[in-house]
Amino acid sequence: MTELLNSIILVTGANGGLGREFVRQALDRGAQKVYATARKPQDWDDPRIIPLALDVTDPASVAAAAEAANDTTVVVNNAGSGNRSRLLSITLSDLRSLYETNVFGPLTVAQTFAPVLAKNGGGSLVDIHSALSWVSTPSAYPSTKAAFWSLTNGLRIELAGQVTHVLGAHLGFADTRLTAGLDVPKEDPRDIVAAIYDGLEAGEHEVLADDATRKIKGKLSEPLEALYPQFAATPVEEQ
Ligand SMILES: NC(=O)c1ccc[n+]([C@@H]2O[C@H](COP(=O)([O-])OP(=O)(O)OC[C@H]3O[C@@H](n4cnc5c(N)ncnc54)[C@H](OP(=O)(O)O)[C@@H]3O)[C@@H](O)[C@H]2O)c1
């Protein structure tokens with residue numbers, strides 16, 4: 001169980017749609033201080049919010065942030081990037097860059113902040129995944145979220161030794177810059193972040209933050225066609 005009251009939280013990608021909510025709602029729940037990190041940190045209107053430079057793809061920048069924020073008790077690994085290119089046409093250079101941001105970046109953050117969390121009593125690591133960790137679309141992005149999900153599960157086992165609580169949070173579509181231009185129903189980022197913080201404070205290891213995500217996870221034990229109906233055999237009467 002992680003009480004946010006009096007905690008000191010560091011959020012990556014804090015200028016983004018979910019990131020801003022992670023910053024604001026941490027304060028609403030009584031956090032003492034929030035490090036709002038970003039590649040280009042913005043000014044905030046609250047003295048409890050400390051803007052800090054952190055590019056998840058730059059290990060030196062992550063190390064400098066860990067030194068500056070060495071009182072952190074909760075790390076929210078939220079920064080991420082999208083790419084709708086198809087797997088058959090994305091360049092390996094673009095794919096590697098996506099993995100740098102969505103997979104190696106958050107792993108670098110976890111590795112670098114693990115000693116900080118240990119020093120401060122264990123604390124928590126919150127990793128932001130997706131319903132696309134479990135179901136793919138014709139694009140490169142889902143595989144990065146699947147890889148990150150698997151890393152989180154490994155990290156949970158490794159970090160148990162230092163009593164760091166690891167929460168993996170999954171969501172469908174939320175209304176942020178990442179989903180701009182997608183014509184689909186989208187959740188309010190405020191509701192998604194509230195569900196994730198509720199789960200964190202309840203001591204959960206995994207949060208499924210919306211109905212779409214719960215439905216997808218529920219289908220994982222069914223035949224593959226439940227997730228990919230386009231591959232279901234055509235019923236005989238329709239042939
Ligand atoms: N929105 C959704 O529907 C949805 C669904 C499932 C999962 N997610 C996940 O939720 C997380 C937050 O996304 P969002 O929806 O809030 O999108 P967003 O508004 O685009 O925010 C993403 C943030 O990540 C930051 N970022 C990108 N590369 C970075 C880097 N190298 N170092 C540090 N920060 C970096 C961006 O910073 P800049 O401002 O500098 O570009 C941006 O502020 C992501 O991990 C995303 O994959 C979102």
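Which residue in strand 2 does leucine 10 stand opposite? The first point takes this up.

1. **Strand 1 and its partner.** This is a predicted model. In it, leucine 10 faces tyrosine 35 of strand 2. Strand 1 and strand 2 (residues 33-38) run parallel and are joined by 4 bridges. Strand 1 is covered on both faces. Ile8 and Leu10 lie on one side, Ile9 and Val11 on the other, and all are buried.

2. **Overall make-up.** The protein chain has 6 helices and 7 strands. Along the sequence they follow the pattern β-α-β-β-α-β-α-β-α-β-α-β-α. The radius of gyration is 18 Å, close to the 18 Å given by the globule rule for 239 residues, so the chain is as compact as a globular protein of that length. Along the principal axes, the C-alpha atoms fill a box of roughly 65 × 40 × 35 Å.

3. **Burial and contact range.** Of the 239 residues, 40% count as buried. Take the contacts in the protein chain with a separation of 6 or more: 65% of them link residues 24 or more positions apart.

4. The 7 strands form an open sheet with parallel pairing, in the order 3-2-1-4-5-6-7. Strand 3 (49-53) and strand 7 (206-208) stand at the edges. Each has a single partner strand, so one side of each is left without a neighbour in the sheet. From one strand to the next, the twist averages 15 degrees.

5. **Strand 5.** Is strand 5 largely enclosed or left open by the rest of the structure? It is largely enclosed, because 5 of its 5 residues are buried. Ser124, Val126 and Ile128 point one way, while Leu125 and Asp127 point the other way. Note that Ser124 and Asp127 are among the buried residues here. Strand 4 (residues 74-77) pairs with strand 5 in the parallel sense over 4 bridges. In that pairing, valine 76 stands opposite valine 126.

6. Strand 6 (residues 165-170) pairs with strand 7 in the parallel sense, over 3 bridges. Alanine 169 sits opposite valine 207 of strand 7. Helix 5 (residues 189-201) packs on the sheet and touches strand 5 (124-128), strand 6 and strand 7. The direction of helix 5 makes about 155 degrees with that of strand 6.

7. **The ligand shell.** How many residues surround the ligand? There are 28, and the closest are Gly13, Gly16, Ala79, Gly80 and Thr176. By class, the shell divides into 9 nonpolar, 15 polar and 4 charged residues. Helix 1 (17-28) and helix 3 (92-119) each supply at least two residues of the shell. Helix 1 gives the largest share, 3 residues.

8. Most residues other than glycine have a negative phi. Asparagine 6 has a positive phi near 70 degrees and is not a glycine. Asparagine 6 lies in the segment before strand 1 (8-11). It counts as exposed because it has 10 C-beta neighbours inside 10 Å, and the cut-off for exposed is 12 or fewer. Valine 163 also has a positive phi, of about 60 degrees, although it is not a glycine. Valine 163 is found in the loop between helix 4 (141-160) and strand 6. With 11 other C-beta atoms within 10 Å, valine 163 is exposed.

9. **Phenylalanine 173.** Is phenylalanine 173 buried, exposed or partly exposed? With 19 C-beta neighbours inside 10 Å, it counts as partly exposed. The cut-off for buried is 20 or more. Phenylalanine 173 lies in the loop between strand 6 and helix 5. Leaving aside residues up to four places away in sequence, it touches Thr179, Leu182, Val184, Pro185, Lys186 and Glu187. Phenylalanine 173 and alanine 38 are 135 residues apart along the chain, and their C-alpha atoms are separated by 22 Å.

Conventions
Residues numbered from 1 in each chain as written. Predicted model: local features only at pLDDT ≥ 70, side-chain atom pairs only at ≥ 80, totals over all residues. Near = placed C-beta within 6 Å. Nonpolar A, V, L, I, M, F, W, Y, C, P; charged D, E, K, R; others polar. Pairing = 2+ DSSP bridges. Axes fitted to C-alpha atoms, helices over the stretch in contact; angles between N-to-C directions. Contact = placed C-beta atoms within 7 Å. Rg over C-alpha atoms; globule rule 2.2 N^0.38 Å.
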